[in-house]
Amino acid sequence: MKESISRRTFLKSTAIAGAIGATGMGSASVLTSCNSAATGGAAADVPLKKPGEYYIPELPDLATDGQELKAGVIGCGGRGSGAAFNFLAAANGVTITALGDTFKDRVDDLAGKLKEKNGIDIPADKRFVGLDAYKQVIDSGVDVIITATPPNFRPLVFQYAVEKGKHCFLEKPLFVDPVGYRTVIAAAKQAQAKGLKVVTGTQRHHQRSYVASYQKVMDGAIGEITGGTVWWNGGMLWYKDRQPGWSDCEWMIRDWVNWIWLSGDHIVEQHVHNLDVWTWFTGLKPVSATGFGSRQRRVTGDQFDNFSIDFELENGIHLHSMCRQVEGTASNVSEFIQGTKGSWCTTNGHVIKNLKGEVIWQYDAEAEKATYQQTDPYTLEHVNWINCIRGNKPIEQASETALANMYALMGRESAYTGAKTTWDELTASTLSLYPEDIDLAKPMAYAKQGYGSGKEYHLPDYIHIAGKPSPGSAQKR
């Protein structure tokens, strides 16, 4: 592992013009800023929060050696497999001893990759299959769990893991409905009380460029926050055609990213990343959401293709949220936050501008690459998680991620119904998307409980749509 270097040594060795700000990330974070002339001699920044009032993770290349940790992976698809290898790359003295998934082929596929790439042999009696496989993994003697099931199952997994006293890595989003929200919040409080370490897959919290930007904004670089816009505009994700012999349930779970009851729709499953950046930087709760969306090119499933949402926040300012999964359209995955003194944006790197539009600070990604060997935030989130476990440092990110998750739910429900959706209404809602009788061998039945003000939730009438993809519209998997 490459050794960390001191701020003084780094400045001498690189001759980079600008400022190097220490942000508690193992060694110095690498920042480039313009001099005071760019700001027109503006007065010193007034911090939004003082150092020590907000959390900055330590992000070295590798976690500190310590307690050996045995992990169980629940959900062995693409993200679960990725998280498993991120965990193994994050530290010495860690291993994976149990796997669980709804389907045997998924378990065996990850077991084969672990054997081939890391020499880890998962015995047959530690490979669990079925809708209750998560309980068997958690009860198998592991110290920590890595959860990457379809989102609708995550509240139940988290709840059971906390009951059993396991540290948790939870992929985002954490839930797809208000019932799941309340389950996650209750489990998060129990995790805090038990001293369990909980990290979520909102990896921007462990991406050095975002962490450095967050610190600059907290230090007052853009002044008081007055509004913003967040985007995830891109193409369709993967899909699976239904195969002979697959039941409704099996097809939907294998094709989960396209079904509302499993993914929450893409505003929840994907766009939560951008909403999470906003909630992280502001800490603000939405009062209401008013939005619209549509379905035009989706190949399978019952989701929308696009959403546009206006959020009114508790202090009266507004956030605009835009997301789209349509091929051949303008792509933009970024965040913009406006303040009284300037703005921060990630459209072309991490940049802060003053009110004249002049760049007064930007993150130096090339200098980060020269300083660190590990720059992958998907691995760094495991580095921090393991360090918190080994050092018995408190971390519980589920509550914070739940706030961004609720933004997404509010926007989704407003777009579906055409009505303004409020925080109070939706957090108290009985809306559940969990099937009334989930069985791999039976036709699906959905829970359709109403929420607030006598409204009822109705699934779209095209739920069983199956069509032919337009050229290049999505990737089969």
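Ser 81 lies in helix H2 (residues 78-89); helices here are DSSP runs of H or I with at least four residues, strands are runs of E with at least two, and both are numbered from the N terminus. Ser 81 is buried, with a relative accessible area of 7%, where buried means under 20% relative accessible area, exposed over 50% and partly exposed in between (1.4 Å probe, protein chains only). This is a predicted model, in which local features need pLDDT of at least 70 and side-chain atom pairs count only at pLDDT 80 or more, while totals for chains, interfaces and linings use all residues. Residues are numbered from 1 along each chain as its sequence is written, and side-chain values use heavy atoms, with hydrogens and water left out.

**Around Ser 81**
- Leaving aside neighbours within four places in sequence, Ser 81 is in contact with Cys 76 and Leu 110; contact means heavy atoms within 4.5 Å.

**The sheet**
- An open sheet is formed by 6 strands in the order E4-E3-E2-E5-E6-E7, and the pairing is parallel; two strands pair if DSSP finds at least two bridges between them.
- Strand E4 (127-129) and strand E7 (198-200) stand at the edges, each with a single partner strand, so one side of each has no neighbour in the sheet.
- From one strand to the next, the twist averages 20°.
- Strand E2 (residues 69-74) pairs with strand E5 (residues 144-147) in the parallel sense over 4 bridges, and Ala 71 stands opposite Val 144 in E5.

**Helices across the sheet**
- Helix H3 (residues 104-118) lies across E2, strand E3 (94-101) and E4, and runs at about 160° to E3.
- Helix H5 (residues 154-163) lies across E2, E5, strand E6 (167-170) and E7, and runs at about 175° to E5.
- For these angles, axes are lines fitted to C-alpha atoms, for helices over the stretch in contact, and angles run from 0 to 180 degrees between N-to-C directions.

**A look at helix H6**
- Helix H6 (residues 178-194) has 17 residues and reaches 24 Å from its first C-alpha to its last, close to the 24 Å expected at 1.5 Å a residue; the expected span is 1.5 Å times one less than the number of residues.
- Among the buried residues of H6 are Pro 178, Tyr 181, Val 184 and Ile 185.
- The buried residues of H6 pack against H5, E7, helix H14 (398-417) and helix H15 (423-427).
- Gly 195 follows H6 and has a positive phi, near 75°.

**Cysteines**
- A search of the whole structure finds 0 disulfides, a disulfide being a pair of cysteine sulfur atoms within 2.5 Å.
- Cys 168 is buried, with a relative accessible area of 0%, and Cys 323 is buried at 1%.
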